[in-house]
Amino acid sequence: MLAELNDSFAVIGDVQWLPGYSLALTKVPGVDRLSDLPRRQRISYLADVDLLASAVENVCRRRDDAFRRVNVEILGNADAFLHARIWPRYGWEPAPLVKKPVWLYPSEQWSNPQYALSGAHDGLRADLAAEIALYRNSMEFRFNA
């Protein structure tokens, strides 16, 4: 886990073919869609997603000059629990995929040991956790719904 936020847990993804891939997992058991949360809690959860996306963007921009942007997704089609995926996108991605949804990558990306989260990602994990902590302490990201 990277951090416990107000209404979510920020975690680094279990695959890292796009370094910095992270998720915001709801703290509320049994919630499988955003609309299941009461409005105040929904807004607070989305503020957590925004904080995590900002941290991922800053860390990935510093670590890789080819960083382009982050994509934020709340889909829930395969995993029936509320979670937001934060996907960093890079200029070095294959040309046919760089401007397409990450889901168009070959399914082998998810199971290729080369991309599995490991000790090789400890520096990235530490950078993300530090950036999240910095944002959490920043007035810009304090949120009271």
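A: In this predicted model, the axes of helix α1, which covers residues 39-63, and helix α2, which covers residues 122-136, come within 9 Å of each other and cross at roughly 130°. Angles over 145 degrees would count as roughly antiparallel and angles from 65 to 115 as roughly perpendicular, and so α1 is described as oblique to α2. Two packed helices are in general described by the angle between their axes together with the distance between the axes.

The residues that make this contact can be listed helix by helix. On the side of α1, the residues that take part are Leu51, Leu52, Ser54, Ala55, Val56, Asn58, Val59, Arg62 and Arg63, and in α2 they meet Gly123, Leu124, Asp127, Leu128, Glu131, Ile132, Tyr135 and Arg136. Sorted by class, the contact of α1 with α2 has 9 nonpolar, 3 polar and 5 charged residues.

The largest nonpolar core holds 37 residues, and among them Leu52 and Ile132 touch the most other members. At least two residues of this core come from each of β2 (8-12), β3 (22-26), α1, β4 (67-73), β5 (83-90) and α2, while α1 gives the most, with 9 residues. If residues up to four places away in sequence are not counted, Ile132 touches Leu2, Ala3, Leu5, Ala10, Leu51, Leu52 and Ala55.

Another residue of helix α1 is Cys60, which counts as buried because its relative accessibility is 1%, where buried means under 20%. Leaving aside its neighbours within four places in sequence, Cys60 is in contact with Pro19, Gly20, Phe67, Pro88 and Tyr90. Between Cys60 and Ala126 there are 66 residues of separation in sequence, and their C-alpha atoms are 12 Å apart in space.

Ser8 is buried, with a relative accessible area of 0%, and, apart from neighbours within four places in sequence, Ser8 is in contact with Ala3, Ala24, Leu25, Thr26, Lys27, Tyr45 and Asp48.

Ala66 lies in the loop between α1 and β4 and is partly exposed, with a relative accessible area of 25%. Not counting residues up to four places away in sequence, Ala66 touches Arg89, Tyr90, Gly91 and Trp92.

In the loop between β5 and α2 we find Val98, which counts as buried at 14% relative accessibility. With residues up to four places away in sequence again left out, Val98 touches Arg68, Arg89, Tyr90, Gly91 and Glu93. The C-alpha atoms of Val98 and Arg68 are separated by 9.6 Å, although these residues are 30 residues apart along the chain.

Leu104 is likewise found in the loop between β5 and α2, but Leu104 is exposed, with a relative accessible area of 52%. From Leu104 to Ala55 the C-alpha distance is 25 Å, and the two are 49 residues apart in sequence.

Definitions and conventions:
Residues numbered from 1 in each chain as written. Predicted model: local features only at pLDDT ≥ 70, side-chain atom pairs only at ≥ 80, totals over all residues. Heavy atoms only, no water. Axes fitted to C-alpha atoms, helices over the stretch in contact; angles between N-to-C directions. Helix = DSSP H or I, 4+ residues; strand = E, 2+ residues; numbered from the N terminus. Parallel < 35°, antiparallel > 145°, perpendicular 65-115°, else oblique. Contact = heavy atoms within 4.5 Å. Nonpolar A, V, L, I, M, F, W, Y, C, P; charged D, E, K, R; others polar. Core = buried A, V, L, I, M, F, W, Y, C linked by side-chain atoms within 4.5 Å. Buried < 20%, exposed > 50% of the residue type's maximum accessible area, 1.4 Å probe, protein only.
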